[in-house]
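Open the model in your viewer and keep the selection panel at hand.

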Amino acid sequence: MTWLLWIVLAAVWFGTLGQRALLRPDEGRYAEIPREMAVSGDWLTPRLNDIKYFEKPALQYWATAAGFKAFADNEWTARLWPALTGFFSIVLVWWTGRRLWGAQAGHLAAAILASSLLFVGMGHILTLDMGLSFFLQVAWTGCLFAQQEDRLASRRWMLLAWAGLALAVLSKGIVALVLTGATLVGYTLLNRDTSPWRRLSPLAGLALFLIVAAPWFVAVSVANPEFPHFFFIHEHFERFLSTVHRRDEPPWFFLAVYSLGALPWTLLLLQAVPRAWSRGVARTFSPERFVLLWVLTTFVFFNVSGSKMAPYILPIFPALALLGGRHVADLSRRAWLIHLGLLAVVALAGLVLAPRTMDLVGQEYTPAMLQGVATWLSGAAAVFLVAIVAAAALVWRHHQAAAAIVLAVGGCLGSSALLLGHDHLAPYTSTRDLAAQALPRIKPGLTFYSVLSYEQTLPFYLKRTLTLVANQNEMDFGLEHEPQKWIPTVDEFKARWREDEGAYAVMKIDVFEKLVAAGLPMAEIARNRRYVIADKISTPSAPRSSEGCETAVSGATSPSANPSLGERACDGAIR
């Protein structure tokens, strides 16, 4: 039965990766950087839209670029690295719980992690957070098992911890060092136990860390002297100490993220926390207290940061799942039933409110889009409610462990359904369909402008980069060092557009309409809910029918115009 559950989990976990369009901005960005890396062959300097992009290290870019080389540059491969590291995280927490506290603790830890809403979501959305979380988990797991008297075994586990730490740094930066070091200090002070420091293997460990992590940082700094200040100062210290990235949130932000992200385990995991501390023993190494200090340190660190985003606390979830696997089956029937009762209210609210998504019909979302979302929301809520009722029946009969598995199955399926339902908004949140319209009409080798905006998913779907116009997006630092790769003003763009024998441009709908009204020769070849892709109309030397040419241009400005625009009355109006 256990292996059957693992097979089903793997099928659901990996089977849905390619079923959704890439979302802006993160998924587009983190698919495009490795796509360009694979195409250019430059695996040293990360580039976004062919512009230097130094916000994050290169490990995930390398993994995804290798995937593109081995398979195909599509959505499934783009999301494979977070999905793999997420799945390995579930396997690792299962193995850790099983080794520390027995088979049931391992099974329940894996079930909790595989069904927590935020963890499932981040395992299927292309960001760098899951890779960081997994390698940090490798690091603290190695620390746990290094605390033994067998010096050779202890050394091996500690070296694994150092390797995990190095890969975590290569995943998202030196925050990995800060979190690990702060946890060790906090554990030592609160548990009055210095034993972890005596097993650090600092010389061999630091050597291994530098061998794994340092080469890329050194090489990219030599090739790009501007890298060290931007990456280490701007992207770490300024991001943490200030609101320069405009991601400041209220003090309760991560409490709200945890409350939703830990569903369907929110209250049960909170009840497991004091149990984990009370079962530990001061002055003696306690795995439970060490893991708990990891959770608290990570949560507090990001809470005091000037930059807050929901995925930042993802690294606490494997640790919470490990503690939950140890304790949730031992919680009282009363605690379980209260928790399940509150979850039932949430599920019923989902069923009642799902049809209300139709109230969002407007310029962004069509009735068809929202009807699809509502259907999936209703299905997710129904599956969740059935699992809650079944779990309650098991708890009533004092089968809490079985109830946890049933609840996990419902949580995993419900979370997956929410992700699939969101794809109905893809005509607004992605450019997959826009690119599909345009690609048959685009000739290679011509300049492609991005006017007054930059849609992160479009370069990936077009399989080419764009020339930015009067908008640097997040590439301002790279453009300071490569200013020739953009056009600073719309007036300069207009002049270039008129001079080009052929060109393409993407822009928001209102910008397109204003440019056409101002007399810029362009015609629509593709459109979605936000953007228009246009091509250059060459001035005809001897038009056969002026009426036909006027029809082509005026038709291009109409939202209801035939997007193919394949047959124009005037040959000269094409190019």
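On a 1 Å grid over the protein atoms alone, a cavity is a set of points where a 1.4 Å probe fits but cannot get out, and lining residues have an atom within 4 Å of a point; a volume is the space filled by probe spheres set on the points, which are joined across faces, edges and corners. This is a predicted model, in which local features need pLDDT of at least 70 and side-chain atom pairs count only at pLDDT 80 or more, while totals for chains, interfaces and linings use all residues. Residues are numbered from 1 along each chain as its sequence is written, and side-chain values use heavy atoms, with hydrogens and water left out.

Select L136, A139, W140, C143, T180, T183, F290 and W294, which line the largest cavity, whose volume is about 50 Å³. Of this lining, α8 gives the largest share, 4 residues (helices are DSSP runs of H or I, at least four residues, numbered from the N terminus).

Next, select α15 (residues 266–279) and α17 (residues 316–327), whose axes, lines fitted to C-alpha atoms over the stretch in contact, come within 9 Å and cross at roughly 80°. That makes α15 roughly perpendicular to α17 (65 to 115 degrees, on a scale from 0 to 180 between N-to-C directions). Heavy atoms within 4.5 Å count as contact, and among the residues that meet are L269 and R275 in α15 and L320 and H327 in α17.

Finally, show L23, G121, I125, L419 and H422, which lie nearest the centre of the second largest pocket, an open set with protein on both sides within 12 Å along at least five of seven lines. The volume of this pocket is about 640 Å³, and α7 supplies the largest share of its lining, 5 residues.

Key: Helix = DSSP H or I, 4+ residues; strand = E, 2+ residues; numbered from the N terminus. Parallel < 35°, antiparallel > 145°, perpendicular 65-115°, else oblique.
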